[in-house]
Amino acid sequence: MMKVILSGAAGHMGRVVADCAAAADDVAVVAGLNQRADAAGAFPIYADFDACTEDADVIIDFSHFSAFPRVIAFAEKRRLPLVIATTGLTAEDEACIAEKAELFPIFKTANMSLGVNVIANVLRNISGILAPGFDIEIVEKHHNRKADAPSGTAILLADAANAGIEAAGGAPKRYTYGRNGRDCRRMPDELGIHAVRGGTIAGEHTVLYAGDDELIEIRHTALSRKIFGNGALAAARFLVTKSNGLYDMRDVIGA
């Protein structure tokens, strides 16, 4: 039985992960971390991280990015493998992750969906071929409560496209975040990234390759947040078997 400490336990995704874990026969959430404590649920939730002393195998973090310093400090103190699903992290946070991964195993991805990561692999394979004759644009859609824009997944997909372009000997594209004004003519070195926020959209990402007289469109739609919860559990199962280092979903899918 894999024992999990769930960071961001009272948030929307925290509750989804808890439900996915309850439906699995090999996972138990033993404690949660959150801004507000709660001892009345299926597992205790601590606002004071030092008060969490439950024995565990792994931490899954779906908290707000502002909580990241506390979460990674807790993981370092306990020397527990850490699955990071939080987006909106800074360059300094990323550098911290790379440093701490030398001390304990860390898994980080911008999207826990297997499908999204397979698409990212496809983009790495086709962008070098298509980029010379096609403009690349990414449109991402999320619910109206999402704070960061563009989504971490949109950046993941853009980075995958650029990696494919560079592998083929091309120059990486510069990212243009939305367009506004009276002179927004598209430049050949652009990769446009656009964010839509509304309703309860779980997540939709579309990558457009627009060429002369033809359009290639690759789309992923999340119909439920369960795909991210189950993906996080799959990442945790993978990580608890690993030694110190930094891992992502490409390691899980073998891309």
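In this predicted model, D26 is found in the loop between α1 (12-23) and β2 (27-33). With a relative accessibility of 30%, D26 counts as partly exposed. D26 and K3 are 23 residues apart in sequence, and their C-alpha atoms are 8.8 Å apart in space.

A second pair of positions can be described in the same terms. S66 is found in the loop between β4 (58-61) and α2, and S66 is partly exposed, with a relative accessible area of 46%. Along the chain, S66 and F134 are 68 residues apart, and a distance of 38 Å separates their C-alpha atoms.

**Backbone geometry**

Most residues other than glycine have a negative phi, and most peptide bonds are trans. R79, although it is not a glycine, has a positive phi of about 55 degrees. R79 lies in the loop between α2 (68-78) and β5 (82-84), and at 45% relative accessibility R79 counts as partly exposed. D213, which is likewise a residue other than glycine, has a positive phi near 70 degrees. D213 is found in the loop between β10 and β11, and because its relative accessible area is 85%, D213 is classed as exposed. The remaining case concerns a peptide bond: A149 and P150 are joined by a cis peptide bond, with omega at about -5 degrees, and P150 is found in the loop between β7 and α5.

**Helix packing and a nonpolar surface patch**

Two packed helices are described by the angle between their axes and the distance between the axes. For α4 and helix α5 (residues 152-167), the packing angle is about 30 degrees and the axes are 6 Å apart. Because angles under 35 degrees count as roughly parallel, α4 is roughly parallel to α5. The crossing in which α4 passes α5 is right-handed.

Helix α4 (residues 114-130) also holds L114. L114, V118 and V122 form a nonpolar patch on the surface, and together these residues have about 230 Å² of accessible area. With a relative accessibility of 51%, L114 counts as exposed, because the exposed class begins over 50%.

**Salt bridges**

| Salt bridge | N to O distance |
|---|---|
| R186 and D135 | 3.2 Å |
| R174 and D189 | 3.0 Å |
| R219 and E204 | 4.0 Å |

The side chains of R186 and D135 meet in a salt bridge. This pair links distant parts of the chain, with R186 in the loop between β8 (174-177) and β9 (190-197) and D135 in strand β7 (residues 135-142), 51 residues apart. R186 counts as partly exposed, at 25% relative accessibility, and D135 is also partly exposed, with a relative accessible area of 33%. Both R186 and D135 belong to a network of salt bridges in which D135, E137, R179, R186 and E190 are linked.

D189 forms a salt bridge with R174. D189 lies in the loop between β8 and β9 while R174 lies in strand β8, so the pair ties together parts that are 15 residues apart in sequence. D189 counts as partly exposed at 36% relative accessibility, and R174 counts as partly exposed at 40%.

The side chains of R219 and E204 meet in a further salt bridge, at 4.0 Å from N to O. The pair links distant parts of the chain, with R219 in strand β11 (residues 214-221) and E204 in strand β10 (residues 204-211), 15 residues apart. Is E204 buried or exposed? At 16% relative accessibility, E204 counts as buried, because the buried class covers values under 20%.

How values were computed:
Residues numbered from 1 in each chain as written. Predicted model: local features only at pLDDT ≥ 70, side-chain atom pairs only at ≥ 80, totals over all residues. Heavy atoms only, no water. Patch = residues over 30% accessible without salt bridge, like charges linked within 9 Å, V, L, I, M, F, W, Y side chains within 5 Å. Areas by Shrake-Rupley, 256 points an atom, 1.4 Å probe, with all protein chains shown as cover. Helix = DSSP H or I, 4+ residues; strand = E, 2+ residues; numbered from the N terminus. Buried < 20%, exposed > 50% of the residue type's maximum accessible area, 1.4 Å probe, protein only. Axes fitted to C-alpha atoms, helices over the stretch in contact; angles between N-to-C directions. Parallel < 35°, antiparallel > 145°, perpendicular 65-115°, else oblique. Left-handed = near helix turned anticlockwise from the far one by under 90°.
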